[in-house]
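Subject: Handover of a structure and summary of findings

Dear colleague,

Please find the structure below, passed on for your own work. The findings follow directly after it.

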Amino acid sequence: MDTLTALLTRTSQGALIEPAPSVDALNIAFQTALRAPDHRLLRPWRYLVIEGEARARLAECFLQAALQDNPNLSDVEQQRLLKMPLRAPMLIVAITATKEDPKVPLVEQTLSTGAAIQNLLLALHVQGFGSMWRTGWVVEHSLIKQALAVQPQENIAGFIYVGTPATPAKTPNLLNVSDFVNNWQG
Ligand SMILES: Cc1cc2nc3c(=O)[nH]c(=O)nc-3n(C[C@H](O)[C@H](O)[C@H](O)COP(=O)(O)O)c2cc1C
């Protein structure tokens with residue numbers, strides 16, 4: 001797949017099954033993430049890979065965090081939470097590991113993480129894997145951050161669900177460039 005085709009055809013895929021990327025496929029995807037634009041080369045990102053049984057342990061963290069906020073959570077909701085990390089064979093936790101720097105504000109470090117994640121998604125896509133970038137309350141909750149050893153100066157940029165697409169990828173609707181792009185002439 002050429003680069004422009006990859007850029008134009010990547011879509012998010014919610015239904016993901018085994019196999020997850022091989023060690024080699026994952027490694028090349030991370031290499032592309034590590035090539036993200038990065039002001040002053042702070043390397044303000046790191047990743048956790050969660051697969052196999054560890055997904056069930058993450059599910060238990062999700063449940064405990066939700067119960068901390070609402071001890072009266074219904075059984076249905078509890079079961080839904082326990083299934084959440086099992087929606088894909090692999091999860092990648094993308095973390096903005098912010099660094100103190102006089103010239104690079106936190107927003108730039110977050111933007112670098114976003115660019116890195118996009119590289120990761122595209123590299124997975126060209127290798128035939130699907131992904132879905134998810135956030136929500138689980139990226140903010142202190143109990144989940146603690147379980148993942150996310151430090152006070154760090155933020156979870158997303159849980160990236162990764163696997164083999166269970167269904168054919170949708171064809172993305174291309175937007176009109178002119179709706180978003182104008183010439184500025186002063
Ligand atoms: C920072 C960020 C957080 C997101 N969080 C969620 C999420 O929690 N749940 C969700 O369904 N989609 C989430 N999305 C959107 C999807 O990952 C996806 O990009 C969107 O549905 C558009 O689909 P597409 O990627 O196929 O164009 C998030 C996207 C970004 C950039």
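Please note that the model is a predicted one.

Overall architecture

The protein chain contains six helices and five strands. Their order along the sequence is α-β-α-β-α-α-β-α-β-α-β. The C-alpha trace spans about 60 × 45 × 35 Å along its principal axes. Of the 186 residues in the protein chain, 28% are buried. Among contacts with a separation of 6 or more, 84% are between residues 24 or more positions apart.

The largest nonpolar core

The largest nonpolar core has 36 residues, and the members that touch the most others are L91, A94, I117, L120, I160, Y161 and V162. Two or more residues of this core come from each of α2 (23–33), α3 (54–69), β3 (90–97), α5 (106–126) and β5 (154–165). The greatest contribution is that of α5, with seven residues.

Leaving aside residues up to four places away in sequence, V162 touches L16, A20, P21, A88, M90, L91, I92, L124, F129 and S131.

Helix packing

Two helix pairs deserve a description. In the pair α2 and α5, the axes lie 7 Å apart and the packing angle is about 150°. Helix α2 is therefore roughly antiparallel to α5. The crossing of α2 past α5 is right-handed. On the side of α2 the contact is formed by I28, A29, F30, T32 and A33, and on the side of α5 by A116, I117, N119, L120, A123 and L124. Sorted by class, the contact between α2 and α5 comprises nine nonpolar residues, two polar residues and no charged residues.

In the pair α3 and α4 (residues 75–83), the axes come within 7 Å and cross at roughly 145°. Here too the crossing, of α3 past α4, is right-handed. The residues that meet are A59, F62, L63 and A66 from α3 and Q78, L81 and L82 from α4. This contact of α3 with α4 consists of six nonpolar residues, one polar residue and no charged residues.

Backbone geometry

Most residues other than glycine have a negative phi, and most peptide bonds are trans.

The peptide bond that joins E18 and P19 is cis, with omega about 0°. P19 is located in the loop between β1 and α2.

The loop between α2 and β2 (45–51) holds L41, and R43 is found in that loop as well. Phi of L41 is positive, near 50°, and phi of R43 is also positive, near 55°. Neither residue is glycine.

Two threonines

T11 lies in the loop between α1 (3–9) and β1 (16–17). Its count of 14 other C-beta atoms within 10 Å makes T11 partly exposed. T11 and G130 are 119 residues apart in sequence, yet their C-alpha atoms are 8.0 Å apart in space. With residues up to four places away in sequence set aside, T11 touches A169, K170 and P172.

T96, in contrast, is placed in strand β3. Is T96 buried or exposed? With 24 C-beta neighbours inside 10 Å, T96 counts as buried, since the limit for that class is 20 or more. T96 and E154 are separated by 58 residues in sequence and by 5.5 Å in space, C-alpha to C-alpha. E154 is also one of the residues that T96 touches, the others being P44, W45, Q109, T110, T113, N155 and A157, again not counting residues up to four places away in sequence.

Yours sincerely

Key:
Residues numbered from 1 in each chain as written. Predicted model: local features only at pLDDT ≥ 70, side-chain atom pairs only at ≥ 80, totals over all residues. Core = buried A, V, L, I, M, F, W, Y, C linked by C-beta atoms within 7 Å. Buried ≥ 20, exposed ≤ 12 C-beta atoms within 10 Å, placed from the backbone. Helix = DSSP H or I, 4+ residues; strand = E, 2+ residues; numbered from the N terminus. Contact = placed C-beta atoms within 7 Å. Axes fitted to C-alpha atoms, helices over the stretch in contact; angles between N-to-C directions. Parallel < 35°, antiparallel > 145°, perpendicular 65-115°, else oblique. Left-handed = near helix turned anticlockwise from the far one by under 90°. Nonpolar A, V, L, I, M, F, W, Y, C, P; charged D, E, K, R; others polar.
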